[in-house]
Amino acid sequence: MAVLSALLALAGAAQTAPSADERALFAAFKAVCAKVRSLAAMERAARRQGWQTVGPEAHPGLDRLVNGGRAEVLAREPQARLKGAQFRRELGQRQLWLALSRYQDAEGAWSNGCRMYDFDAAAPIAPAALEGLMGRPSTGTQPLPGGQTKYLWEPGWKSGHGVEVSFIADQDDPLVRKFGLKGQILTAQAIGGF
């Protein structure tokens, strides 16, 4: 009986452990996005890791996210200062997209973002695998359209920033359609200037 229990425990652990593909995806994300407190540091890290600079128009989803998001922010806050860069990288069979951003308001408050998109991902990373990749349980969740869930880590890898991981299925949701959100989305954010 003890042998059977041990085998079942090992089988369960194998099903929830991150795959080699998921570990490579997360390593590519962390290599750039762990530096989220500095836009310049993220850009340098992206180039060192083999990401190629692209314009937002390189992918329709990236274009809607970058240009649509920029237009929406500036419509609400014309004095806001926005900077950013976009990159593309192949990782195994995946085509990955990276959007780096910095927002600063008129009073000096700022927010940096580092978002990696796998628009073609067919399924989410399992919650237990995400916990293995982050090295600890998530600190919270948020519901997403279509019954999906966003997993949150506050703090992220370091104090002063957070990490979010979500999967959005291709669906008929207004927000998904408006911004082209779909697939696997890994995000790191930092704020300051208060």
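In this predicted model, eight bridges connect strand S7 to strand S8 (residues 183-192), and the two strands run antiparallel. A handy place to start looking is Glu 164, which sits opposite Thr 187 in S8. S7 also has a partner in strand S6 (residues 149-153), with which it pairs in the antiparallel sense over three bridges. Here Tyr 151 has Val 165 of S7 as its bridge partner.

S7 itself spans residues 161-168 and is mostly covered, with eight of its eight residues buried. Which residues lie on each side of S7? On one side are His 161, Val 163, Val 165 and Phe 167, while Gly 162, Glu 164, Ser 166 and Ile 168 are on the other. Both faces of the strand are covered, and the residues on each of them are all buried.

Strand S2 (residues 81-91) pairs with strand S3 (residues 94-104) in the antiparallel sense over 11 bridges. Within this pairing, Lys 83 has Arg 102 in S3 as its bridge partner. The two strands form a hairpin with two residues between them, and Gly 92 in the turn shows a positive phi of about 60°.

S3 then pairs with strand S4 (residues 110-118), again in the antiparallel sense, over eight bridges. Trp 97 finds its bridge partner in S4, namely Tyr 117. S3 and S4 form a hairpin too, this one with five residues between the strands. Its turn holds Gly 108, which has a positive phi of about 100°.

How values were computed: Residues are numbered from 1 along each chain as its sequence is written. This is a predicted model: local features need pLDDT of at least 70, side-chain atom pairs count only at pLDDT 80 or more; totals for chains, interfaces and linings use all residues. Side-chain values use heavy atoms; hydrogens and water are left out. Two strands pair if DSSP finds at least two bridges between them. Helices (H or I, at least four residues) and strands (E, at least two) are DSSP runs, numbered from the N terminus. Buried means under 20% relative accessible area, exposed over 50%, partly exposed in between (1.4 Å probe, protein chains only).
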